[in-house]
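Me: I am new to this structure and would like to know what the terms used for it rest on. Please go through some of them.

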Amino acid sequence: MTATRDTAAPAATDLRTRPRGFEIAPILGVLAREWALYRRIWAPITFSAIVEPVLYLLAFGMGMGALVGTIGGYDYIEFLGTGIVAMSVLFSSMFPGLIDTFVRRRFQHTYEGVLAAPVDVRELVTGEALWIALKAGVYGCAPLLVAIGFGLEPTWAMLLVPFVGVLTGFGFALLGILLAAVIPSIRTVDYVISGLITPLFLVAGTFFPIDQLPGWAQTAALVNPLYHCVELVRGFAFGIDVLAALGHLAVIALFAVVVWFLAVHLMRRRLID
Amino acid sequence: MTSSPQSDRSALRHEPSSPQPAISLRGVVKRFGDITAVDGLDLDVPEGTVMGLLGPNGAGKSTTMRMLTAQSLADEGEISILGHPVPRESKWARSLMGVVPQHDNLDEELTVEENLRSFTYLYRVPRRERAAAVERALRIAHLEHRRDTFTEKLSGGMRRRLLIARGLVHRPRVVLLDEPTVGLDPQVRQELWGLITALREEGVTVLMSTHYIEEAERLSDEVALMAKGRIVRRGAPADLIAEYAGRTVEEYAVGLDGIEVMEKTLHAAGFTTRRTGSALSVLRAEELPDSLRDQLGSGMRRASNLEDVFVTLTGEKVE
């Protein structure tokens, strides 16, 4: 390599504002970097995020649907389609939040590079979770579109489903990030999948109404943010009281806020020594 | 340490060098449980100079580097970069600083150009200047012809050049290089030395940790010899060598049996020695009297280096 006069010129990073506190610019920086990565690897991610829940929907909807018939007056595939939106959001947010974050932190040292730039842990965590949430909000719509293809009547309220998907996905992405900061090795991910993710979508009214469950499981469902996501999506499809919708939304928002603080705290402990 | 309004304006406008050091550490201590990795470190790096932080593995060099980017927080002491106290104004400091880490953390799925561009976002390079910033970084690293190559296809040397280019993409005023040439073959190392020399010529302040003696001697205006978390000595390489090791070192294969006797004799005559197996190296050999030289037999003469200084001062080897 040879000398170049380029490095002597005034710095390109002539920040217009003094960087302090929690800022939007670094979050946009993280999102832009994720977008650059996503453009290269979108195909397998999209395939898995869309095909898996749609297969669940088709297999259970057509297979079980023939046995179950209707639930609450709705065809089972319509009931299931609205529920699987939440499952799709959970998978699209929790897995990348957990696995990608762990790999980047532990093996790729990605965050060392990001945190050497004017980005702090809060902005890094927020940017990563927001990116995952945006994808989850989009991917979560696929089962709904398939259900519409099978006869679910579209409603205007369904246009709110992506926003619910983003908010729920934000919370679960943060939960994944939080766990990525806690687990000691990649093998420990199996505990999270079997011990947390599977119960989360089974006790959420996805495949069957929760009133079929024992009392303790119904109580567990009420504190499960995914249940509230299911109720919202189902409500947007079949009709819901505004106050009830706001209540479900509040639970999901509260969940996102709590896990944001925990994820930031635990990631800071991991990344800053 | 607090940042004055004047220093903030200076940072914004990139005014020429100020009397305050670009990097300042005062009484910095960092502990990991019972281990004290950095133990009361005092170091100033004047603006526009290259400072080599030389020491063996475990001396505390990488911890010091991490503390400068606030990825490791000091338990005691004060740190400032271009007048910005760290960690309180670390984001501000990091916007003026480029960091080349010891561990390769490039994005494998991205091309060379995409790797650089993604960091223009993180460093907040204005939109209209991003393309030029990427081109400049590609040019500095001589990777223009590899812009569309995926990172995973690059050789070790190219990856390291890309890491350096990434750290320079926003034209920082201070650059931290953590073991920039570790694990590279001599030819690639020479190439990177050319780049670091260019940075010095451009007036960029460089703090470079290394355990390669030749690297520190060649590139640094000053070196700080670091051992057990402290700076043992600092100064221009030539001055340190002249002060502690003289012009030449002579190595004598005296054998294990005679080595202790010879050591005692040389020490009594005021000479400093170091052992390498059964061989004995005598520092300031140009001052050896013929009588002693006759006792030592035939030796091999070489120029003194920083390794001799380091061993003399700490009793440890650097590499």
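**Strands, a patch and a helix**

Reply: In this predicted model, strand β11 (residues 248–252) of chain B pairs with strand β13 (residues 279–282) of chain B in the antiparallel sense, over three bridges.

Me: What makes β11(B) and β13(B) count as paired?

Reply: Pairing takes at least two bridges between two strands. Three bridges link β11(B) and β13(B), so they pair. Across them, Glu250(B) stands opposite Val282(B).

Me: How many bridges join β12(B) to β13(B)?

Reply: Strand β12 (residues 273–276) of chain B is joined to β13(B) by four bridges, and the two run antiparallel. Arg274(B) stands opposite Ser281(B) of β13(B). The hairpin of β12(B) and β13(B) has two residues between the strands, and Gly277(B) takes a positive phi near 65°.

Me: Why is Val68(A) called partly exposed?

Reply: Buried means under 20% relative accessible area and exposed means over 50%. Val68(A) has 34% relative accessibility, so it counts as partly exposed. Val68(A) is found in helix α1 (residues 24–68) of chain A. With Phe60(A), Met64(A) and Leu67(A), Val68(A) makes a nonpolar surface patch of about 360 Å².

Me: How do you know that the span of α9(A) agrees with its number of residues?

Reply: Helix α9 (residues 225–238) of chain A has 14 residues, which at 1.5 Å a residue should span 20 Å. The end C-alpha atoms of α9(A) are 20 Å apart, so the two agree.

Me: Why is α9(A) called mostly covered?

Reply: Twelve of the 14 residues of α9(A) are buried, including Tyr227(A), Cys229(A) and Phe236(A). The buried residues pack against helices of chain A, among them α2 (76–106) and α10 (242–271).

Definitions and conventions: Residues numbered from 1 in each chain as written. Chains lettered and ligands numbered in written order. Predicted model: local features only at pLDDT ≥ 70, side-chain atom pairs only at ≥ 80, totals over all residues. Heavy atoms only, no water. Patch = residues over 30% accessible without salt bridge, like charges linked within 9 Å, V, L, I, M, F, W, Y side chains within 5 Å. Areas by Shrake-Rupley, 256 points an atom, 1.4 Å probe, with all protein chains shown as cover. Salt bridge = Lys/Arg side-chain N within 4 Å of Asp/Glu carboxyl O. Buried < 20%, exposed > 50% of the residue type's maximum accessible area, 1.4 Å probe, protein only. Expected span 1.5 Å × (residues − 1). Contact = heavy atoms within 4.5 Å.
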